Amino acid sequence: MTIERILEVIGKNNPGADLDLVRLAYDFANEAHRGQKRHSGDDYIQHPLETAYKLAEYNLDMATIIAGILHDVPEETGRTLSEIEKNFGLEIARLVEGITKLGKIKYRGLERYAENLRKMFMAIAEDVRVVFIKFADRIHNLKTLYSLTPVKQQRIARESLEIYAPIANRLGMEEIKGELEDLSFPYVYPEEYKWVLDISKKRYEEQKRFTDRVIKIIQKELLENSSVKIVKLEGRAKRYYSLYQKILRKDMDINKVYDLVALRIIVEDIEDCYRVLGHIHQLWPPVPGRIKDYIAQPKPNGYQSLHTTVFGPDGRITEFQIRTQKMHEEAELGVAAHWLYKDKNIKENLKISQEKLKWIQGLLDEKDNGKTPKHYLNSLKLDFFKNRIFVFTPKGDVIDLPEGATPIDFAYHIHSDIGNKCAGAKVNDKIATLQTPLKSGDVVEIIIDKNRKGPSENWLSIAQTHAARDKIKAALRKSSRLNIFKFFGK
Ligand code: MN
């Protein structure tokens with residue numbers, strides 16, 4: 001990697017960008033790391049350059065890219081953070097400081113895991129860009145993992161798969177999540193990795209030929225019969241780790257995986273999205289019930305696109321996603337989309353991403369309630385790393401819960417009092433039992449009985465979230481104390 005290649009990417013994405021400070025940062029870091037080598041034998045400067053290149057590829061703002069170049073200076077060289085601040089200003093120095101703090105982990109085993117997570121959450125809550133740099137740093141470390149000892153390989157790959165990738169996922173950063181997973185996969189599950197590679201090879205090749213055929217037909221149709229300008233039309237192969245996960249869900253049968261290669265059409269504006277949909281349906285009949293208009297009705301996490309599945313050439317089931325460039329950036333980059341170079345208002349950006357990341361604060365507060373690392377980890381595993389669903393209150397507020405959550409979880413999520421006085425629930429205007437698993441998009445209303453004394457014991461098995469269970473236990477403890485008190489009082 002060279003600084004010229006980084007400058008070229010920045011210049012291409014943002015003609016007229018002021019590149020002087022990037023060059024200065026390179027000179028500074030290059031000088032500081034002079035003579036240092038990586039385990040792979042490369043000059044050390046290669047690592048920060050690769051990190052910054054990744055950030056530039058994602059078109060992130062200049063401060064983030066520069067902090068990427070400088071990220072290992074205070075930790076690995078004789079140059080200090082205050083020298084960085086003097087030369088490059090407070091904003092960049094703060095980002096570098098954030099990265100340095102993330103790197104210092106004291107504990108081992110379970111405690112290490114908890115500490116690591118907590119530090120990531122804290123960094124996200126302060127300035128989420130620190131975590132973008134950490135991801136880029138980690139991706140290059142994974143790419144050169146072969147040069148480390150097996151013990152270190154395991155630790156770093158596992159940490160990436162179990163901590164970094166799920167966090168990237170929760171930040172909506174699809175691309176980064178996929179890269180972290182695929183780079184860690186061969187180290188954490190070597191046998192399974194070989195197996196997936198082996199069984200998917202032929203299928204991928206065949207699917208690729210089919211997809212190319214479909215792409216040619218659509219290109220021709222749009223060119224000849226419409227004015228739609230295609231920004232990008234691509235078949236994207238499913239990544240190995242996510243394919244592996246899907247095969248596990250499909251009884252280990254790869255033949256049941258239909259979206260091995262997804263077809264994605266990116267166009268200039270929303271009107272064109274609908275035009276393209278019309279043309280696809282003229283070419284091939286849609287599969288009933290599979291057209292989804294996430295443009296008119298975005299998913300609660302903000303995702304927008306048109307989805308359709310058709311009986312394609314030879315009657316083969318074929319899925320399409322149609323979206324604008326802006327929707328595409330949001331879908332791939334998630335929270336990072338607010339930090340693209342073109343949006344220069346730092347304060348505003350910080351506010352938007354912190355607003356979007358309010359739930360992180362909740363996770364930090366939980367830890368502060370004096371829980372042990374083990375309890376903290378268990379509640380995170382239950383509430384954070386599960387897939388999330390989004391349900392609505394009758395007023396239209398979005399509530400974010402883990403998959404499998406029930407009206408009890410919903411009630412306690414709103415307020416302990418609502419939970420304790422919960423007598424029943426309506427889901428989509430119909431009376432539902434308290435153990436009904438909620439689905440994304442459900443409108444949930446809790447029926448309250450003001451005279452209710454508190455939760456019943458069996459709610460502990462109905463509640464799926466740690467948060468709800470803790471509140472139920474607390475209420476049960478309180479009422480049993482009262483009962484004992486009454487008993488002795490008599
Ligand atoms: Mn590094």
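## Basis of the model

Because the model is predicted, local features need pLDDT of at least 70 and side-chain atom pairs count only at pLDDT 80 or more, while totals for chains, interfaces and linings use all residues. Residues are numbered from 1 along each chain as its sequence is written, and side-chain values use heavy atoms, with hydrogens and water left out.

## The manganese site

The manganese ion has as its protein donors H47 (NE2), H71 (NE2), D72 (OD) and D137 (OD), which lie 2.1 to 2.4 Å from the ion. Donors here are N, O and S atoms within 2.8 Å of the metal (3.2 Å for Na, K and Ca), and since water is not among the atoms, sites may look incomplete. Along the sequence, the donor residues follow the spacing H-x23-H-D-x64-D.

Buried means under 20% relative accessible area, exposed means over 50%, and partly exposed lies in between (1.4 Å probe, protein chains only).

Helices (H or I, at least four residues) and strands (E, at least two) are DSSP runs, numbered from the N terminus. M62 belongs to helix α4 (residues 62–70) and counts as buried at 14% relative accessibility. Although M62 and W339 are 277 residues apart in sequence, their C-alpha atoms are 9.7 Å apart in space.

Helix α19 (residues 407–414) is largely enclosed by the rest of the structure, because six of its eight residues are buried. These buried residues are P407, I408, D409, F410, A411 and Y412.

## T406 and its surroundings

T406 sits in the loop between β7 (398–402) and α19, and T406 is buried at 3% relative accessibility. Leaving aside neighbours within four places in sequence, T406 is in contact (heavy atoms within 4.5 Å) with L434, Q435, T436, L438, I462, A463 and Q464. A polar atom of the T406 side chain lies 3.5 Å from the backbone oxygen of I462.

## Cysteines

A search of the whole structure finds zero disulfides, a disulfide being a pair of cysteine sulfur atoms within 2.5 Å. C273 is buried, with a relative accessible area of 0%, and C422 is also buried, at 1%.

Notes:
A polar contact is a pair of N or O atoms within 3.5 Å; within protein, one must be able to donate a hydrogen and the other to accept it, and residues adjacent in sequence count only if both atoms are side-chain atoms.
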